[in-house]
Amino acid sequence: MKSYFVFVDESYRPDIFALSVVWTKNKTEPCKIKNEALKKIRKEKYHFHFKNDDDEIRKNFMNTILKSSINFGIILTEYPSSCSEYARYYIAEVINNLPVEENSRVVITIKGINDWINKKKCKINEEVIRWIRKRIFYTIKFNDKAGLEIADYIASAYTYCKFQKDNFCEPLENKLTFLVRIR
């Protein structure tokens, strides 16, 4: 059975809500990407966050991501306002659109899922079943910082490029494996 490690994060503005879906077969790939970027910016530790990073850090981290073997896609949808929508957009549609064979194993790390499960009492798995179309075995992970930092960058850079242009915009769009609109 093939295994994939998936990271999901979002970026939004009033007129766009983008989920980035980042995946790899090698679970150490996100750490390798982050460590390479840390060397470029000459830091031992750093939390990459597109919105807060200066242009030089953005450029270095984006270039490292774009030159890596990691895969990513974008799902454009609406901000989830219910447990069902959250389960659909962040898990079911991620699985439905991943270009992986059925019967694969997918480990999904999603930023913010704890709030939906613990604070909003969302029964994620019950809701996912309503929307999922592929036979994929999945588990949910709550925290993998390097993978989520990459997912943050992909989502944020994608929405940024819709309003402003930068050197990484064209390479980012060219490397997208999928772009899906769900409305």
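**Figure 1. Residue classes around the largest pocket of the predicted model.** In this predicted model, the lining of the largest pocket is made up of seven charged, four polar and three nonpolar residues. The space in this largest pocket amounts to about 310 Å³. The lining comprises 14 residues, and those closest to the centre of the largest pocket are Ser 11, Tyr 12, His 49, Lys 51 and Ser 156.

**Figure 2. Elements that line the largest pocket.** Strand S1 (3-13) and helix H6 (145-163) are the elements that each give two or more residues to the lining of the largest pocket. The largest share comes from S1, which supplies five residues of this lining.

**Figure 3. The second largest pocket and the residues at its centre.** About 160 Å³ of space is found in the second largest pocket of the model. Its lining consists of 13 residues, of which Glu 10, Tyr 79, Tyr 86, Tyr 90 and Trp 116 are the closest to the centre of the pocket.

**Figure 4. Elements and residue classes that line the second largest pocket.** Two or more residues of the lining of the second largest pocket come from each of S1, helix H3 (83-97) and helix H4 (113-119). The greatest contribution to this lining is that of H4, with three residues. By class, the lining of the second largest pocket holds eight nonpolar, four charged and one polar residue.

Technical notes. Residues numbered from 1 in each chain as written. Predicted model: local features only at pLDDT ≥ 70, side-chain atom pairs only at ≥ 80, totals over all residues. Heavy atoms only, no water. 1 Å grid on protein atoms, 1.4 Å probe; cavity = no way out; pocket = protein on both sides within 12 Å on 5 of 7 lines; lining within 4 Å. Points joined across faces, edges and corners; volume = space filled by probe spheres on them. Helix = DSSP H or I, 4+ residues; strand = E, 2+ residues; numbered from the N terminus. Nonpolar A, V, L, I, M, F, W, Y, C, P; charged D, E, K, R; others polar.
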